[in-house]
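Subject: Handover of the model, with notes on pockets, cores and helices

Dear colleague,

I am passing the structure on to you with this message. My notes on what was found in it follow below.

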Amino acid sequence: MSEKLRIAVIGLGEAGSLIAAGLQKQGAEVIGYDTAKIKYPPVPIAASAVEAVQDADVVFSINSATVSIRVAQQLEPHLKADALYCDLNTGTPSLKKRLAQIAPEGSFVDVAVMMPVAELAEKTPMAVAGPGAKLFMDLLGDFDLNLDYVSDVAGDAANRELLRSMLTKGMAA
């Protein structure tokens, strides 16, 4: 990579902090933002979510599905023209399709986190889908991540996660 990839992580809870710190260790320029005051932030913190995303090549939204639409609507006008908007929240396929409609055309990536992040951090298996999924795979290809391309259809990664969850819970029962 000639230039460092600039990644904004919106939501620095456990998963967001671990993924942000891991990507920074691997050489990405990472900036974070969280509405909560983070006592020991894993990456530099922006004064606002808007400030965090303004120069980002890739934006990770890792907060809650309940606020994902509001966050996407707030940030969409401030994204760089060629930035990818990646939603890592656990949500339904229909929610991911709605988010793809909010994001700039071709920029949305539905990222389904397939296991708890605590053990593997940024190396946690993730399924990716949506109109920006192939570009996401290309941009993050030099990083040591565990990414599985699903399709160009937003919601397909979320669907895979839901099916896996039902299968594993059914087997456990």
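What volume does the second largest pocket have? The second largest pocket comes to about 190 Å³, where a pocket is an open set of points on a 1 Å grid over the protein atoms alone, with protein on both sides within 12 Å along at least five of seven lines, and where lining residues have an atom within 4 Å of a point. Grid points are joined across faces, edges and corners, and a volume is the space filled by probe spheres set on the points.

Before going further, please keep in mind that this is a predicted model, in which local features need pLDDT of at least 70 and side-chain atom pairs count only at pLDDT 80 or more, while totals for chains, interfaces and linings use all residues. Residues are numbered from 1 along each chain as its sequence is written, and side-chain values use heavy atoms, with hydrogens and water left out.

Pockets and cavity

The lining of the second largest pocket has 13 residues, and those nearest its centre are A15, I62, L88, N89 and T90. Helix α1 (residues 14-25) gives the largest share of that lining, four residues; helices (H or I, at least four residues) and strands (E, at least two) are DSSP runs, numbered from the N terminus. By class, this lining holds six nonpolar, five polar and two charged residues, with Ala, Val, Leu, Ile, Met, Phe, Trp, Tyr, Cys and Pro counted as nonpolar, Asp, Glu, Lys and Arg as charged, and the others, Gly among them, as polar.

The largest pocket has about 220 Å³ of space, and its lining consists of I10, G11, Y33, D34, T35, A49, N63, V67, R70, V71 and Q74. Here helix α3 (residues 68-75) supplies the largest share, three residues, and the classes are five nonpolar, four polar and two charged.

There is also one cavity of 30 Å³ or more, a cavity being a set of points where a 1.4 Å probe fits but cannot get out. The volume of the largest cavity is about 30 Å³, and I19, L23, F60, E122, M126, F136, L145 and L147 line it, a set with seven nonpolar, no polar and one charged residues.

Nonpolar cores

The largest nonpolar core has 28 residues, and I7, L23, F60, C86, L88, F136 and L140 have the most contacts inside it. A nonpolar core is a set of buried Ala, Val, Leu, Ile, Met, Phe, Trp, Tyr and Cys residues joined through side-chain atoms within 4.5 Å, and buried means under 20% relative accessible area, exposed over 50%, and partly exposed in between (1.4 Å probe, protein chains only). Two or more residues of this core come from each of β1 (6-10), α1, β3 (58-61), β4 (84-87), β5 (108-113), β6 (126-129) and α5 (133-139). Apart from this core lies another, of 24 residues, including I10, V53, V67 and L99. Leaving out residues up to four places away in sequence, L140 touches L5, I7, L23, L145 and L147, contact meaning heavy atoms within 4.5 Å.

In α3, the buried residues are S68, V71, A72 and L75. Seen down the axis of α3, they fall within an arc of 100 degrees, so they line one face of the helix; the arc is that of the directions from the helix axis to the C-beta atoms. These buried residues of α3 pack against β1, α2 (49-53), β3, β4 and α4 (93-102).

In α4, the buried residues are P93, L95, K96, L99 and I102, and seen down its axis they fall within an arc of 165 degrees, so they too line one face of the helix. S94 and Q101, on the other side of α4, are exposed.

Helix α1 contains A20, which is buried with a relative accessible area of 0% and which, neighbours within four places in sequence aside, is in contact with V9, L12, V30 and V43. S17 is also in helix α1 and counts as buried at 15% relative accessibility; beyond residues up to four places away in sequence, S17 touches L12 and P42.

Finally, A121 lies in the loop between β5 and β6 and has a positive phi of about 50 degrees although it is not a glycine. Most residues other than glycine have a negative phi. A121 is buried, with a relative accessible area of 14%.

With best wishes
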